Amino acid sequence: MIRPQKMKQVEMTVLVRDVDPVIEFLGRHGLMHFSGDKFSADEGSSLGSSGKVTHIKENLTRLRSAAVYLGIELPDEPFEDTVLPTEAEEQLVSALLVTILGLSAKENEQNEEKKKLAETINEAKAFSKLNAPFSDLDQLSYLTLRVGRLDPRRQEALRENLADRAVIIPLDDTGRFLAAASRKGRFALDSALKKTAFTPIAIPEGYKGVPEDLLNGLKDRIALTEKELEIIAGKKEDLKKEYGPSLQRLTASYLMAQTVEEFKRRLRGTQNVFVINGWVPADEVQVLVNELNNRTEGRIAVRSYNPDELEDIVEGREKVPVSLKHGAFVRGFESVVFSYGAPLYGTLDPTPFVAFFFTILFGIMFGDLGQGLVLFLLGITLGLKNKSKFLSSFKHFSTPLKAVGVSSMIMGVLNGAFFTNERFLEKPTQAVLGFFMKSFGIPGAAPARILRLMPDKDNIAKMFYFFGFTIAVGVILNSIGLLVNIANQCSQKKYEKAFFSKTGLAGMLLFWYAIFIALRILRNGRFENYDYAGLAVPVFLIFFGPAIWRLISGERPVLEHGLIVFIVEGFVELIESASSYISNTVSFVRVGAFALSHAVLSFIVFTLSGLVQNLAAGPLISLLILIAGNGIIILLEGMIVAIQVVRLQYYEFFSKFFTETGVAFAPFRFRKRAEQ
């Protein structure tokens, strides 16, 4: 399409009971663009439920906590088939979280017990060889030890009562246990023991250090704790496999619900209905209406308006969003246009021109069959499905890389370069050219290459022809920019800029006639008397254009700001016109210069690889030079060439007509990555 898609503003009145499925459809299919002033200005008096938003956020937080515990990666946006959560999902969330968080609490408890046991056993080992009575050990360290008997059934109650103030360690099945506490917790320990049927075990009089059976009991207890942690780890892995997909699906569902609720809070309406306004491509309006009628069983009112029916659009307070509809090739270059700015609604779409000239200019400057093949294969790789998340982030470069890869390969065939090797294609080229020369009866030997960029005494003239060709490409691109501007200004009824400005019809006539004179002189012609008239007419229109237009349109005074200002502005406009057209045209010499620099770099790499062939391990060193050299050229020069092509598009092409930017069509959707 040469123009952006036609748009309509759609106003929908939706019952509260139907608003969720309506928003779900809009977010899933990405059909409607909402501008800021279509929402309620006072979010504090919004109609959505803040309590529901809070509940959804709490569920998301709990789901994320469970996922972190199990080591599961959760989505950051809904899946393609995600639906809003129902009561069944609410119950499932509760059930999953009870199981997962319960296991997490048990693991934390066992880890804490293991930590305490480790501290206790280390302390006990430290005292085991001390030459002091066991009964006096609590006077030498923070550690307080109590050994005795207590019904195993009551030991658990004692453990819960003491919590983290002491460690209860069963030593056997008969009820013997060891209690350990810090000096600060000794009184709490002794108080709790008095309230139970605790029976101290007498340590032999004068026993030195810590009894060996107590140390063994501590070691057995820590071994049991480690075994329990192994069991928990197994259960954790089982839960990850069993509940992982459910956690991801539930998270996606609640992410969608969160977006829906936050969207509702911004809508205008009453307690019974919501009003939804937005822009929709004209050819999608009927599809939208039919789908929403089915989902609401006809309980929806829809009205659509053309842009020229809206006061805000007519008076310029709002801009119609711009949606471009292209095939796969042109669509790949939309990012180049939108990184500069969105075209105005109703103007010509420059993306097809950008796609064509970007591909051609890159190929001219980066001509190598092998290096172009690398770019082409990289583009294919980035376009594949089921690739890594890292590569997916570069998906939008897939089409441009494939396009410039093909153009570079074509240019490589013309100049005979294959991974900097200038001889690899000589025989195939001679064979093909010889066949065609023989078929058409052309005498002479077939050349080894069609185009040679490296300067020598035999091709200096050809090199200048090549530079002339690049300038011709610049003339064509500049001319297209002028034609686009004229068409855009006419469509917006800005006829003064369309006919009398330096980027309008007058400027284009001046530019074309100057090119005509230059070409004639290059062909041994000369400046003729009629050339004065050819240049004077567009110069007159540019200089007096504002006054002529005010005279034609009936605006007064004819000289809006007076004679002096009029003369100064006229001369400035002429000087800018001449300088800009000269610089914009000569600027395309850089295309030939970068093509030449690419050939020189390739020649250097190829020559270096040949010089080392006769050295020890020469073939290996030569191969390494070729690999490293080609890698540097592809990476660094490829980036430089891409930057230069973008620069030529922005400053020499876009500057002709991109005087005002529009608003890009950004439809409401749940899945942001669907736009990439």
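Colleague: I'm new to this structure. Which strand does β1 pair with, and in what sense?

Modeller: Let's start there. Strand β1, residues 7-15, pairs with β8 in the antiparallel sense, over 6 bridges. Keep in mind that this is a predicted model. For one place to look along that pair, find Met12, which stands opposite Val302 in β8.

Colleague: Which helices pack on the sheet?

Modeller: Two to look at are α1 and α7. Helix α1 (residues 19-29) packs on the sheet and touches β1, β7 (273-281) and β8. The direction of α1 makes about 155 degrees with that of β1. Helix α7 (residues 285-296) also packs there, touching β1, β7 and β8; its direction makes about 170 degrees with that of β8.

Colleague: In what order do the strands of the sheet run?

Modeller: The order is β6-β7-β1-β8, so read it as 4 strands in an open sheet with antiparallel pairing. The edge strands are β6 (268-269) and β8 (300-305), each pairing on one side only.

Colleague: Now a helix, please. What span does α16 reach, and what is expected?

Modeller: Helix α16 covers residues 460-491, 32 residues in total. From first C-alpha to last it reaches 47 Å, close to the 46 Å expected at 1.5 Å a residue. After α16 comes Lys493, whose phi is positive, near 60 degrees.

Colleague: How do I read two helices that cross? At what angle do α11 and α14 do so?

Modeller: Look at how near the axes come and at the angle between them. The axes of α11 (residues 351-365) and α14 (residues 398-415) come within 8 Å and cross at roughly 45 degrees. That angle is why α11 counts as oblique to α14. The crossing of α11 past α14 is right-handed. On the α11 side, the contact is made by Phe358, Thr359, Phe362, Gly363 and Ile364; on the α14 side, by Ala403, Val404, Ser407, Ser408 and Met411.

Colleague: Is Gln649 buried or exposed?

Modeller: Gln649 counts as buried, because its relative accessibility is 0% and the cut-off for buried is under 20%. This residue lies in helix α22 (residues 618-653). Leaving aside residues up to four places away in sequence, Gln649 touches Val354, Phe357, Phe358 and Phe654.

Colleague: And why does Thr381 count as partly exposed?

Modeller: Because its relative accessibility is 35%, which falls between the cut-offs of 20% and 50%. Thr381 sits in helix α12 (residues 369-383). Thr381 and Leu391 are 10 residues apart in sequence, and their C-alpha atoms are 8.5 Å apart in space.

Note on methods: Residues are numbered from 1 along each chain as its sequence is written. This is a predicted model: local features need pLDDT of at least 70, side-chain atom pairs count only at pLDDT 80 or more; totals for chains, interfaces and linings use all residues. Side-chain values use heavy atoms; hydrogens and water are left out. Two strands pair if DSSP finds at least two bridges between them. Contact means heavy atoms within 4.5 Å. Axes are lines fitted to C-alpha atoms, for helices over the stretch in contact, and angles run from 0 to 180 degrees between N-to-C directions. The expected span of a helix is 1.5 Å times one less than its number of residues. Buried means under 20% relative accessible area, exposed over 50%, partly exposed in between (1.4 Å probe, protein chains only). Angles under 35 degrees count as roughly parallel, over 145 as roughly antiparallel, 65 to 115 as roughly perpendicular and the rest as oblique. A crossing is left-handed if the near helix is turned anticlockwise from the far one by less than a right angle, and right-handed if clockwise.
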